[in-house]
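Me: I would like to go through this structure with you and ask, term by term, what stands behind each label. Please set each value against its definition as we go.

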Amino acid sequence: MVDKTLSADEVTREEAAERLRALADEIDGTEAASVRTGNKTVDLSPPESIAYEVGVRERSSILRGQRETVTVKLDWKPPKTTEGTEAADAE
């Protein structure tokens, strides 16, 4: 099953930086990372090691003009939980 939640806004440079810092703070913590996207909050469980990728694309089009895009991708497999662990966490 694939669940994909996407949020797209136009924000100021300052707001974009604030959102990136908030995401970095969530990932840097030791607990689950809560990520707000649109009207939904998703709890993620990043492990100690995370795949990190940054891509930059520069395009020039006669009709659309110049455009620059930065994509940041973080990818990981969440830690496996066992039924005993889940039951202990629920108590």
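**Labels and their cut-offs**

Reply: The protein chain holds two helices and four strands, where helices (H or I, at least four residues) and strands (E, at least two) are DSSP runs numbered from the N terminus. Along the sequence they follow the pattern α-β-β-β-β-α. This is a predicted model, in which local features need pLDDT of at least 70 and side-chain atom pairs count only at pLDDT 80 or more, while totals for chains, interfaces and linings use all residues. Residues are numbered from 1 along each chain as its sequence is written, and side-chain values use heavy atoms, with hydrogens and water left out.

Me: Why is Asp43 called exposed?

Reply: Exposed means over 50% relative accessible area, buried under 20%, and partly exposed in between (1.4 Å probe, protein chains only). Asp43, which lies in strand 2 (residues 40-44), has 55% relative accessibility and therefore counts as exposed.

Me: Why does Val54 count as partly exposed?

Reply: Val54 lies in strand 3, and because its relative accessibility is 44%, Val54 counts as partly exposed. Of the 91 residues in the protein chain, 4% are buried.

Me: What makes Asp9 and Arg19 a salt bridge?

Reply: The term asks for a side-chain nitrogen of Lys or Arg within 4 Å of a carboxyl oxygen of Asp or Glu, and the side chains of Asp9 and Arg19 meet at 3.0 Å, N to O. The pair links distant parts of the chain, with Asp9 in the segment before helix 1 and Arg19 in helix 1, 10 residues apart. A search of the whole structure finds one salt bridge.

Me: Which residues form the negative surface patch, and which element gives the largest share?

Reply: Asp25, Glu26, Asp28 and Asp43 form it, and helix 1 (residues 13-28) gives the largest share, three residues. Patches are made of residues with over 30% relative accessible area and no salt bridge, with like charges joined within 9 Å and nonpolar side chains (Val, Leu, Ile, Met, Phe, Trp, Tyr) within 5 Å.

Me: Which residues form the nonpolar patch on the surface?

Reply: Leu23, Tyr52, Val54, Val56, Val70, Val72 and Leu74 form that patch, with about 660 Å² of accessible area together. Strand 3 (51-61) and strand 4 (65-75) are the elements that give two or more residues to the nonpolar patch.

Me: How do you know that strand 1 and strand 2 pair?

Reply: Two strands pair if DSSP finds at least two bridges between them, and strand 1 (residues 33-37) and strand 2 have five, in the antiparallel sense. Ala33 stands opposite Leu44 in strand 2.

How values were computed:
Accessible areas come from the Shrake-Rupley method with a 1.4 Å probe; for residues, only the protein chains shown count as cover. Lys and Arg count as positive and Asp and Glu as negative; His and the chain ends are not counted. The place of a charge is taken as NZ of Lys, CZ of Arg, CG of Asp or CD of Glu.
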